[in-house]
Amino acid sequence: MTFRTLALSLACMLTAAAATASVELAAGGASRCTILAPARLFIADQKTPPGAVGAAELEANRRRLRASVLDLAHYLGTLSGASITVATNASDVQGVAVRIGEEAAAVFGPVGLSVMGGQGYRVVVDKRGVGLFGEADLGTSYAIYDLLHRLGCRWYMPGELGEVIPAVSDIRLDEQDRTGRPHTLYRGVWYADEAFKRRNRTGGVQLSAGHALEGYIGQDVREQHPDWRAVSGGKPAHRRLKWSKPGVAEALADGIIARLDKTVGTQSISLSPDDGMGYDETDDKTLDAGDWDSSIGQVSITDRQVWLCNRIIERVNAKHPGIKYGMLAYGASTRPPVREKPHAQLVPQIAPITFRRAHPMTDDRVPDNKELRALIEGWAKLSPELSYYYYGWFLAEPSAPNPFLTKWAVDVPIAMRNNCAYWQPETLANFETTMHALYMSLRLAWDPAEDPWAVYDEINTRFYGRAAPQMKAYWELVDKTWLDVPEYSGCGFGHMRRFPPEALAAWRAAMDAALAACTSITEYRRVKLADTSLRLFDLFMQLRRDLADGRWTTLDRDVRKYIGWMDAAGDEYAANYAFARAPWAWHKSVNLTYFRSFYQATYDDAARLADKKKFAILLPRPLREFRYQADPDKQGEAAGWQAAAFDDAAWSTTDVCLQTWSSLDLHAYMGSVWYRTRVKLGTLPTGKRIKLWIGATDGSAKVFVNGRHVPYTTGVDETLDVANGYCKPFLFDVTDAVAANAENTLAILATRTFINELGTGGLMAPVTLVAEQ
């Protein structure tokens, strides 16, 4: 089917059948209608006073509807080639009147539907004309885009490149009278322009669930009650509170009441605590239900959190009833409560950050997937409304092509079936790689009866045109690569296992076939966006392989090349919200922010070691393979695991550049692991200091050479037993411990000190020995 045939068929679905009346809006490139909109939409923007939340929302939706009306005129014209005008006076209407908002209600009567936030709407087509109207301006905007959607208009990504508008000779609408509403009370993505959000009918009643709880109590109150401070790690916390202490719930509620007293129209309040772990480990533990959360390796605190939230809500309700309260089900409180029943106004926001991001939750190869499904179903049994805060990107390494096809085709419908009232995923500006899933999720949040894979097929067919079969094959191949490899860690430390050279070669062949299939500039530009993403990832993986294989001479140059290319791609596709552009990030790029945080220091330091004027690398290739053993009870050193004579033959082996702790079944393990290997050294340079280089660790490293402990000396000549630093390279002076012309035993005790949800740990880069020149 050609693109034009497809466009005509979409229009024909709305063309009148013989037995029904129809209304003609355009014919033969000429307009047959006028849009009649309320004059109030076109007055100057109004300022709202501080604290007038409801008034600000009304004004924002008035502006939204104005833009929607202009869009209606523009896209009816783009569809038909006609010039469609907008009038605010009935006397100026020529042809069919397309009445908007109250202009339509005056003719066709009330909407007859009430949805929270004014999201209900009605579409009428009869001999009196066309009516597009809602119970409020937001609903009227939805009615406009409902019509444009049915006419085949699509906006798959922000910017002109994402716009797909069919060309039709005539626009005729069947007689109809129907009401509509979204399935969810709110739908959204983080990074997109307002036009994309408006045209895809996002918005609604947003649930406030950000980290806010501790902020409701001022410093003066804290100073009056020092015993309210939580104890974490054996020390009083800076901001965490002891929720069980008498007066704490009341003080938090009073802080919320004071804020609500100063505002008008607030619809929701967040009761989510500060980010991170470190909750009270003394008195508050009595409120826990003993429910073990294996994804974080500790008892869930959800019962204590719901206990607190219920008391806050009851107190606030006495003065400000009817408000919704968001509570992140996140981190240590992801699991549903065992004992406490959530208040009817409490809306849990499920944010499964400690669970795996690449595989669908029905894949039971993945650790904790059964637990994830159970907790979602558990929350749904307790709360009639849930917010879902899925993660629309791969945590800590979002640059890799990753369409999330299967994952979200499975996971989003599960959310919709389990009381999803608020679709609030955390997303990035990553439409170059995750467009399919992001767009599909908005479609299903509007109408969960849609088939995710049918939406994907529509995107491929309409967005890529003649290159659709090849791009479908490319994206499905990328998706399959992610799914087939049993690697469940976050970040890019598992990427060499996930994406071997042969996999990337297959991606490249599929992409080249798609580029060759393009027959228009627009098709080429759209395919080229994905191609640019793949080329950048090829360079990313080249850096990973070069580090692992000891090709270090050009690492620093290639790092600068990668940064420059990512900058250029972000600039070129800024309008399309691609390549993780964000104003707050380093180089305005989330991709580069993570790149600098996790990899750059190692690459730069490896390139420094490769400078033959400064160092001589003593090994023909970096050390990657080690025998390893977990030491949860910290008994290894006392048992002599560091000794040269220790027999480690029973230990398993790992390649630290290919395998993460997650792939070693240590995903949530927060303890220590020993690594051992033996290295044969020849003659060592006379009078030169010999250094052991560790490329990166997930926390700390304690080094032993031939059974002898080697302390770490910092850059300020401070001597420490252990080197500490996340994803930082370390140099240990092992001159007095190594033996020339002999086999040397190297033992490293690596401890995961940085508590995160990535599933990494221990050694995360190769190791080598160098001599200073």
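This is a predicted model: local features need pLDDT of at least 70, side-chain atom pairs count only at pLDDT 80 or more; totals for chains, interfaces and linings use all residues.

Student: Which residues of H13 are buried, and what do they pack against?

Tutor: Buried here means under 20% relative accessible area. In H13 the buried residues are Ala 468, Met 471, Tyr 474, Trp 475, Val 478, Asp 479, Thr 481, Trp 482 and Leu 483. An α-helix has 3.6 residues a turn, so residues three or four places apart point the same way. The buried residues of H13 pack against several helices, including H10, H11 (431–446), H12 and H16.

Student: What does H17 look like when it is read in this way, and what covers its buried residues?

Tutor: Helix H17, residues 555–572, has 18 residues and reaches 25 Å from its first C-alpha to its last, which is close to the 26 Å expected. Its buried residues include Leu 555, Val 559, Tyr 562, Ile 563 and Met 566, and also Asp 558 and Asp 567. Among the elements that cover the buried residues of H17 are helix H16 (521–549) and helix H18 (590–609).

Student: How should I describe two helices that meet, such as H10 and H12?

Tutor: One gives the distance and the angle of the axes, and then the residues that make the contact. The axes of H10 (residues 405–417) and H12 (residues 452–464) come within 9 Å and cross at roughly 135 degrees, and the two helices are therefore oblique to each other. On the side of H10 the contact is made by Leu 405, Thr 406, Trp 408, Ala 409 and Pro 413, and on the side of H12 by Pro 452, Trp 453 and Tyr 456. By class, the residues of this contact of H10 with H12 are seven nonpolar, one polar and no charged.

Student: Which classes of residue make up the contact of H12 with H16?

Tutor: The axes of H12 and H16 come within 9 Å and cross at roughly 130 degrees, which makes H12 oblique to H16. Here Arg 462, Phe 463 and Tyr 464 of H12 meet Glu 523, Arg 526 and Val 527 of H16. The contact of H12 with H16 has three nonpolar, no polar and three charged residues.

Student: Which residues of the largest nonpolar core touch the most other members?

Tutor: Among the 185 residues of the largest nonpolar core, these are Leu 271, Ile 312, Trp 408, Trp 423, Tyr 675 and Phe 732. The largest share of this core, twelve residues, comes from H16. Leaving aside neighbours within four places in sequence, the contacts of Trp 423 include Tyr 186, Arg 187, Tyr 388, Trp 408, Met 416 and Leu 442.

Student: Is Val 130 buried or exposed, and where does it lie?

Tutor: Val 130 lies in strand S7, residues 129–134, and is buried, with a relative accessible area of 1%. Val 130 and Leu 36 are 94 residues apart along the chain, while their C-alpha atoms are separated by 9.9 Å. Beyond residues up to four places away in sequence, Val 130 touches, among others, Val 23, Leu 25, Val 96, Phe 108 and Leu 173.

Student: Where do Ala 37 and Thr 753 lie?

Tutor: Ala 37 is in the loop between strand S3 (33–36) and helix H2 (53–80), and is buried, with a relative accessible area of 0%. Thr 753 lies in the loop between S34 and strand S35 (767–772), and at 45% relative accessibility counts as partly exposed. Not counting residues up to four places away in sequence, Thr 753 touches Asp 698, Gly 699 and Ser 700.

Student: Finally, what is phi of Asn 419?

Tutor: Phi of Asn 419 is near 65 degrees, a positive value in a residue other than glycine. Asn 419 lies in the loop between H10 and strand S22 (420–423).

Conventions. Residues are numbered from 1 along each chain as its sequence is written. Side-chain values use heavy atoms; hydrogens and water are left out. Helices (H or I, at least four residues) and strands (E, at least two) are DSSP runs, numbered from the N terminus. The expected span of a helix is 1.5 Å times one less than its number of residues. Buried means under 20% relative accessible area, exposed over 50%, partly exposed in between (1.4 Å probe, protein chains only). Contact means heavy atoms within 4.5 Å. Axes are lines fitted to C-alpha atoms, for helices over the stretch in contact, and angles run from 0 to 180 degrees between N-to-C directions. Angles under 35 degrees count as roughly parallel, over 145 as roughly antiparallel, 65 to 115 as roughly perpendicular and the rest as oblique. Ala, Val, Leu, Ile, Met, Phe, Trp, Tyr, Cys and Pro count as nonpolar, Asp, Glu, Lys and Arg as charged, and the others, Gly among them, as polar. A nonpolar core is a set of buried Ala, Val, Leu, Ile, Met, Phe, Trp, Tyr and Cys residues joined through side-chain atoms within 4.5 Å.
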